[in-house]
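Open the model in the viewer and keep the selection panel at hand. The stops below go from the whole chain to single residues.

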Amino acid sequence: MHDDMWAYRSGIVHPTGEDITGYTVAAADGTIGKVDKHSADVSDAYLVVDTGPWIFGREVLIPAGTVTRIDEAAHTVHVDLSKDQVKDSPEFHRDRHLGDPDYRLAMSDYYGATGTGR
């Protein structure tokens, strides 16, 4: 598994410098939403995913280390999470949590506990 969940895995082809906002995010068992914001910063890479009507328009923060593949042709980001893992993830409020180290630690604990990103 991957030690740093806040960085893209080795070998992931990320469209360097390209905006992946709007790409569909596909979990192991179905679509979970669209990329609303993303960062490719070293040790601070993540996706903010708008889940749309699937879970009442909620946004979720997903560490880049969960990304298994980016399909530029299909505009799809694949993650090694299930829909339930995303649905049950800690509540995310962009204005409060995006730069909050305590929230980041909680997310690391959550995704680490689910067996992802470690």
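Predicted model: local features only at pLDDT ≥ 70, side-chain atom pairs only at ≥ 80, totals over all residues.

Residues are numbered from 1 along each chain as its sequence is written, and side-chain values use heavy atoms, with hydrogens and water left out.

**Whole chain.** Three helices and six strands make up its secondary structure; helices (H or I, at least four residues) and strands (E, at least two) are DSSP runs numbered from the N terminus. Along the sequence the pattern reads β-β-β-β-β-β-α-α-α.

Now switch to a surface view. The accessible surface is about 5900 Å², and carbon and sulfur atoms hold 50% of that; the areas come from the Shrake-Rupley method with a 1.4 Å probe. Of the 118 residues, 48% are buried, meaning under 20% relative accessible area with a 1.4 Å probe, protein chains only. Among contacts (heavy atoms within 4.5 Å) with a separation of 6 or more, 56% link residues 24 or more positions apart.

**The sheet.** Select the six strands next. They form an open sheet in the order S4-S3-S2-S1-S6-S5, with mixed pairing. Two strands count as paired if DSSP finds at least two bridges between them. From one strand to the next the twist averages 35°, taken between axes that are lines fitted to C-alpha atoms, with angles from 0 to 180 degrees between N-to-C directions.

**Strand S1.** Select residues 24–27, which are strand S1.

- Toward S2 (residues 30–41), the pairing is antiparallel, with four bridges. A hairpin of two residues connects S1 to S2. Select Ala26 to find Thr31 of S2 opposite.
- Toward S6 (residues 76–79), the strands run parallel and share three bridges. Val25 has Val77 of S6 as its bridge partner.

Finally, show the S1 side chains. Thr24 and Ala26 lie on one side, Val25 and Ala27 on the other, and all are buried, so both faces of S1 are covered.

Technical notes
Buried < 20%, exposed > 50% of the residue type's maximum accessible area, 1.4 Å probe, protein only.
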